[in-house]
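Q: Could we go through this structure together? I would like to discuss its strands, helices and side-chain pairs.

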Amino acid sequence: MSHVKAEIATQAECWRQAAKLAESPGLPTRGERVAVVGCGTSWFMAKSYAVLREQLEHGETDAFQASDFPYARRYDRLVAITRSGTTTETLDVMRTVGEHTPVTVLTADGSQPAADIAGHSVVLDFADEKSVVQTRFATSVLATLRAHLGHDIEAAAADAEVAIRLPLPVHPSLVDQITFIGRGWTVGLAEEAALKCRETAGFWTESYPAMDYRHGPIAIAGPRRVVWAFGDVPAGLAEEVEATGAAFVHSRHHGGYGAIGRWAGKRAPLDPMADLILAQRVALALATTQGLDPDHPRNLARSVVLT
């Protein structure tokens, strides 16, 4: 078994442990103006959290790629997400902003530089990974932050256990392209799902906000292509996608796949983070059917450390 396959399968328990960190010192308090930074997967989790925090009226929250942080802005707190604790761009932001702003880091390794720089560290070492590709660490970070906002993570973890057992909605040999879409906080999850397929399998994926999908991206929809939606679906979009010959995948229809992703049976919608587990499993299947090593994708390392 590959490391990433095992790590995907352990997410339900990781989320339960992550929820216990919800009261950790240094997590944003209600009313603070917060910036959240990360790179790649960590940035997508930052985006999801930022939307949720504002929707729940906890305070103004912005998410940035660490490489493009707007240093002229001032915040009450910086939250950094870095699995390794060594990512160069994230450390640079932490050092610079930390000169005048409290910094909290969520990381898998409390012995690395990020934990030394931050005033507060939330260490999710139980969710660390041997695979280069992030799966359970990223979702566990979001589970911690969602729990801090009052979300019921036990319900999400129960859905995660379902997602591990469900048949895949996409058969690797019958699909040429997948577009992931989301709304609100699930846009970040859609972006992460697309990245997982690109990283793990070198597969053609795209991601967009669901309401913007009609404004151009739908032009590539067609036979042997899939549109996979996280969270709420705009009225009429599923029908428009299916009219192109593409398959439309959404968690409330999970039950089994037909020729390419047309579901048999219906069920209550999965928590969007649990739906991401299905996308991670599809990425793994796409990689293994091509004979690729999902633990060590080409051109990638566990952490980007610039010299």
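A: What follows is a discussion of a predicted model.

Q: Let us begin with the sheet. In what order do the 5 strands come?
A: The order is E2-E1-E3-E4-E5, in an open sheet with parallel pairing.

Q: Which are the edge strands?
A: Strand E2 (61-65) and E5 are the edge strands, and each of them pairs on one side only.

Q: By how many degrees are neighbouring strands of this sheet turned against each other?
A: The average is 20 degrees, with direction ignored.

Q: How many bridges join E1 to E3?
A: There are 4 bridges between strand E1 (residues 34-38) and E3, and the two run parallel. Within that pairing, Ala35 stands opposite Leu78 in E3.

Q: And what does helix H3 touch?
A: Helix H3 (residues 41-55) packs on the sheet and touches E1, E2 and E3. The direction of H3 makes about 170 degrees with that of E2.

Q: Where does H4 lie?
A: H4 lies across E1, E3 and strand E4 (103-107).

Q: Turning to H2, which of its residues are buried?
A: The buried residues of H2 are Gln11, Ala12, Cys14, Trp15 and Ala18. Seen down the axis of H2, they fall within an arc of 160 degrees, so they line one face of the helix.

Q: What covers the buried residues of H2?
A: The cover includes helix H1 (3-9), H6, H7 and H10.

Q: Let us look at Trp15 in helix H2. Why does Trp15 count as buried?
A: Trp15 counts as buried because its relative accessibility is 0%, and buried means under 20%.

Q: What is Trp15 in contact with, leaving aside its neighbours within four places in sequence?
A: Trp15 is then in contact with Thr139, Ser140, Ala143, Ile153, Ala156, Ala157, Ala160, Met273, Ala274 and Ile277.

Q: How many residues apart in sequence are Trp15 and Ala235?
A: They are 220 residues apart in sequence, and the C-alpha to C-alpha separation in space is 32 Å.

Q: A change of topic: how many salt bridges does the count come to?
A: The count comes to 15 salt bridges. One of them joins Arg16 and Glu161, with the closest N and O atoms 3.1 Å apart. This pair links distant parts of the chain, since Arg16 is in helix H2 (residues 11-19) and Glu161 is in helix H7 (residues 153-165), 145 residues apart.

Q: Is Glu161 buried, exposed or partly exposed, and what is its relative accessibility?
A: Glu161 is partly exposed, at 33% relative accessibility.

Q: What about Arg83 and Glu129, and where do they meet?
A: Their side chains meet in a salt bridge, with 2.6 Å from N to O. Arg83 is in the loop between strand E3 (77-82) and helix H4 (88-97), whereas Glu129 is in the loop between strand E5 (120-123) and helix H6 (136-148). The two are 46 residues apart and link distant parts of the chain.

Q: Are Arg83 and Glu129 buried or exposed?
A: Both Arg83 and Glu129 are buried.

Q: Which parts does the pair of Asp271 and Arg146 tie together?
A: The side chains of Asp271 and Arg146 meet in a salt bridge of 2.9 Å, N to O. Asp271 lies in the loop between strand E9 (247-250) and helix H10 (272-289) and Arg146 in helix H6, so the pair ties together parts 125 residues apart in sequence. Both residues, Asp271 and Arg146, are buried.

Q: Which residues do salt bridges that share partners join into one network?
A: They join Glu13, Arg16, Glu154 and Glu161.

Q: Finally, the aromatic residues. How many aromatic pairs are there?
A: The count comes to 8 aromatic pairs. Among them, Phe64 and Tyr75 are edge-to-face, at 6.4 Å centre to centre and with 70 degrees between the planes. Phe64 lies in strand E2 and Tyr75 in the loop between E2 and E3, so the pair ties together parts that are 11 residues apart in sequence.

Q: Which residues form one aromatic cluster with Phe64 and Tyr75?
A: The cluster is formed by Phe64, Phe69, Tyr71 and Tyr75. Phe64 is buried, with a relative accessible area of 13%, and Tyr75 is buried at 8% relative accessibility.

Conventions. Residues are numbered from 1 along each chain as its sequence is written. This is a predicted model: local features need pLDDT of at least 70, side-chain atom pairs count only at pLDDT 80 or more; totals for chains, interfaces and linings use all residues. Side-chain values use heavy atoms; hydrogens and water are left out. A salt bridge is a side-chain nitrogen of Lys or Arg within 4 Å of a carboxyl oxygen of Asp or Glu. Buried means under 20% relative accessible area, exposed over 50%, partly exposed in between (1.4 Å probe, protein chains only). Two strands pair if DSSP finds at least two bridges between them. Axes are lines fitted to C-alpha atoms, for helices over the stretch in contact, and angles run from 0 to 180 degrees between N-to-C directions. Contact means heavy atoms within 4.5 Å. The arc is that of the directions from the helix axis to the C-beta atoms. Rings of Phe, Tyr and Trp (its six-membered ring) pair if their centres lie within 6.5 Å; planes under 30 degrees apart count as stacked, over 60 as edge-to-face and the rest as tilted.
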